[in-house]
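Student: I'm new to this one. Could you take me through a close look at a single part of it?

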Amino acid sequence: MIQWEITEEKVDYETALAKMDNHVEKMIQGDAGEKIWLLEHPPLYTAGTSADRQDLVEPNRFPVFETKRGGQYTYHGPGQRVVYVMLDLNKRGKDVKKFVTNLEAWITLTLSEFNVIGQSRDGRVGIWVERPDKPLKNNGSLEEEKIAAIGIRLRKWITMHGLSINLDPDLSHFQGIVPCGIKEHGVTSLVDLGLPVSMHDVDNALKKSFSKVFPNI
């Protein structure tokens, strides 16, 4: 059975990484099972392995942490559910692309619990929502905004890092970076979409949706 842990208080980034690293090492040694950790961070920016320094618009706004996960610059902060996913792909199939696709499916199923249609886009990792309530773009298409981010790392086929879903973060905090290197699209949240759901609601939706994508092994 997968262990679920929810931490109520904000967890600083380095403490979270150390705890995740420790658990993954125990998994590699056969001394621990799979785990999903739900938490929030204080305001900070993280730089993935593909981060472009020019995308760090305000380097002195919040602490910046270099991380070994894939991806570019990401913001984490209060009102955002961070999900650290520690699964064993040795048992679930050694297919990184499929794992990312499954993470996207997990997020979209979670959002559907609140009648939000989340969509993936080729060339844009993460989950996006269309905004028919906003002016059309110059080419006549609907505005799209990011509601969830994905960034992963593998160690001996054990997954690390994971995803984040914007519940009600301060969206102005994203202005200190070019989120995931994408300038032409904005960022949104469940509350920004007019859905005043609680973190407890999001956690329940995550748990409900998880087994539909990642069955017990």
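Tutor: Let's start with Arg-81, which sits in strand β6, residues 80-86. Strands here are DSSP runs (E, at least two residues), helices are runs of H or I with at least four, and both are numbered from the N terminus. Before going on, a note on the source: this is a predicted model, where local features need pLDDT of at least 70, side-chain atom pairs count only at pLDDT 80 or more, and totals for chains, interfaces and linings use all residues. Residues are numbered from 1 along each chain as its sequence is written, and side-chain values use heavy atoms, with hydrogens and water left out.

So is Arg-81 buried or exposed? Arg-81 counts as buried, because its relative accessibility is 3%; buried means under 20% relative accessible area, exposed over 50% and partly exposed in between, with a 1.4 Å probe and protein chains only. A polar atom of the Arg-81 side chain lies 3.0 Å from the backbone oxygen of Leu-39.

Setting aside neighbours within four places in sequence, Arg-81 is in contact with residues including Leu-39, Glu-40, Ser-164, Val-202, Asp-203 and Leu-206, where contact means heavy atoms within 4.5 Å.

Methods
Polar contact = N/O pair within 3.5 Å; in protein donor to acceptor, adjacent residues only side chain to side chain.
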